[in-house]
Amino acid sequence: MTARVEAAMLDLLGKLGDVPAQLFTDLFELVAQNDLAVALLDEPLSGGGPDDSQVCRWSLDPAARARYPVDAQPGVSRFYVADLRAASGRYQRVTRFISRLRSRSIEFSDLWDSAAVRVRRSGEHQVLHPSVGLIELECTGMLSEDGRHRRVWYSPRVGGETAQRLQLLGEDGRHRRVWYSPRVGGETAQRLQLLGVVGTTSFRR
């Protein structure tokens, strides 16, 4: 079932060529993204297990916050914690992940003690790109039926220059590809080839 869900969500990811889109596990392990997401966020795929997830990077590595305005960073931290609280009762691996991260990050632990339970479906998202400047987006998420995967895409907010700046990032025509990590293999990779989704295990573009 997991392989079928993963293949289906990756197929959808490949069809979102005009907006940045990513596929995460329930632990925020980034397993796939399209080229426009790579150009916008420069976030590496997760190949090393839960400790390589985006929420771990965010909580433990200051470099992971480089593309986010300082005043927007607390909101991102609260989102990660609140979403994980909502998922914490589903699987033991989520509970173990949270316990380990609380022992390693004071910020995460403090937020865990105070954050509300919620799963974010949409919300504002700001990215400070080094080439095109501030990009204001609407972030939308969709959970898989089993709750183990989350597809996220970033749409330009109405008005402003966001759409033009995204267009600049995608002008080289590479944003029709999907990059997926080594964890997406076997039958899933074969199904992706049949669907016409181009993938690679390398993050570097």
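Let me start with residue classes: Ala, Val, Leu, Ile, Met, Phe, Trp, Tyr, Cys and Pro count as nonpolar, Asp, Glu, Lys and Arg as charged, and the others, Gly among them, as polar. What we have up here is a predicted model, where local features need pLDDT of at least 70 and side-chain atom pairs count only at pLDDT 80 or more, while totals for chains, interfaces and linings use all residues. Residues are numbered from 1 along each chain as its sequence is written, and side-chain values use heavy atoms, with hydrogens and water left out.

Now the pocket. I mean an open set of points on a 1 Å grid over the protein atoms alone, where a 1.4 Å probe fits, with protein on both sides within 12 Å along at least five of seven lines; lining residues have an atom within 4 Å of a point. The largest pocket has a volume of about 250 Å³, volume being the space filled by probe spheres set on points joined across faces, edges and corners. Its lining has eight nonpolar, one polar and five charged residues. Nearest the centre are Leu-41, Asp-42, Glu-43, Ala-63 and Ala-64. Which helix gives the most to the lining? That is H3, residues 54–60, with three residues; helices here are DSSP runs of H or I with at least four residues, strands are E runs of at least two, and both are numbered from the N terminus.

Rings of Phe, Tyr and Trp (its six-membered ring) pair if their centres lie within 6.5 Å, with planes under 30 degrees apart stacked, over 60 edge-to-face and the rest tilted. By this rule there are seven aromatic pairs. Take Trp-58 and Tyr-68: the ring centres are 5.3 Å apart and the planes at 90°, so this pair is edge-to-face. Trp-58 sits in H3 and Tyr-68 in the loop between H3 and H4 (73–87), 10 residues apart. Both are buried, that is, under 20% relative accessible area with a 1.4 Å probe and protein chains only.

Finally, friends, the strands. E5, residues 149–156, has six of its eight residues buried. Strands pair if DSSP finds at least two bridges between them. E1 (residues 21–25) pairs antiparallel with E5 over five bridges, with Gln-22 opposite Val-152. E4 (residues 133–143) also runs antiparallel to E5, joined by seven bridges, and Leu-137 stands opposite Pro-156. E4 and E5 form a hairpin with five residues between them, and Gly-147 in the turn has a positive phi of about 80°.

Technical notes:
Buried means under 20% relative accessible area, exposed over 50%, partly exposed in between (1.4 Å probe, protein chains only).
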